[in-house]
Amino acid sequence: MQKITVMGEALLRLLTEEPLDKAEQYQASCGGTALEAACTIARLGGECSLLACVGEDPFGRHVLDWLKQQGVDTAQMQQTGQAATTLCFVQHGVNPYYPATGADRMLAASHLQEILLAESGILHFTSEGLADAPCRFAHQRAIRVLRQQGGLLSFALRYHLALWDSPAAWQAAMRAFLPFADVVTAGEESLMLLTGCEDAASAHRQLLAGSCQLICCLSRQGVRLTNQHGTAMLTTELPVSEPEAAGALLYCIAQEKLQGVLLQELSRKELHRLGECAVRDAQRR
């Protein structure tokens, strides 16, 4: 089975049911879209390494220890003394609040362990890691390493109001990295914002006209896989988060040793089988 490296955001999430300006109690958990995708892969039995940055502080040590307990390889993780481990405050159902730029934005290209990175056949990266330098430059270098050895590149994109100056700034960053992606995972709203299309079907056609081989689109109806040959729609009784969907899909791709060039050739029946596998694994606890 191919090894997967997930690159991006690892942080400490503080969740409350109350408005943030009135909350007195928070439930702390390790989070971040990259961290959650990596943990999904490890939970399913896949070999997964997380490439992210935490602070040289108690919270950073907690995140590293927790990842090891989940079975995620932490050999590629970085620590920095230039910023504290990122904290994200979340009122249930409301956009997250980041009080300050944290260590997850300090991921450095100069500290990448390219030998370890090159052991992976798949690199999955997330939009949250592209908001700032030096993290953005680290992503560029990691993508180059995987491209040189013919690895599969997966991109999960989502617009977070708290991380970007404007939708236009987010669009520009996403479009700069989109040409490198073989697989794209996103919600319908993010896809339409990215492409400027008024419906998901038009957004899919636009992405598939480029280098993208496979789109995993999440909506209230379920999970939709689309390539050049067609679409497979999988309805779900329980909602599937984007990190869980991306992690489960990549686990299935790695398990079957599918390469990017094959993903665009999958028939509708094969797409449906891959989608069933991904949805089943995403919802497995």
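Me: How do α8 and α10 cross, and how close do their axes come?
Reply: Helix α8 (residues 242–256) and helix α10 (residues 268–283) cross at roughly 125°. Their axes come within 8 Å. Axes are lines fitted to C-alpha atoms, for helices over the stretch in contact, and angles run from 0 to 180 degrees between N-to-C directions. Helices are DSSP runs of H or I, at least four residues, numbered from the N terminus.

Me: What is this model, and how are residues numbered?
Reply: It is a predicted model, where local features need pLDDT of at least 70, side-chain atom pairs count only at pLDDT 80 or more, and totals for chains, interfaces and linings use all residues. Residues are numbered from 1 along each chain as its sequence is written, and side-chain values use heavy atoms, with hydrogens and water left out.

Me: Who makes the contact?
Reply: On α8, the residues include E244, A248 and E256. On α10, R273 and D281 are among them. Contact means heavy atoms within 4.5 Å.

Me: And by class?
Reply: 10 nonpolar, no polar and 4 charged residues.

Me: New pair. At what angle do α6 and α7 pack?
Reply: About 60°, with the axes of α6 (residues 188–195) and α7 (residues 200–208) 9 Å apart. That makes α6 oblique to α7.

Me: Which residues meet there?
Reply: E188, L191, M192, L194 and T195 of α6 meet A200, A203, H204, Q206 and L207 of α7. This contact has 6 nonpolar, 3 polar and 1 charged.

Terms used:
Helix = DSSP H or I, 4+ residues; strand = E, 2+ residues; numbered from the N terminus. Parallel < 35°, antiparallel > 145°, perpendicular 65-115°, else oblique. Nonpolar A, V, L, I, M, F, W, Y, C, P; charged D, E, K, R; others polar.
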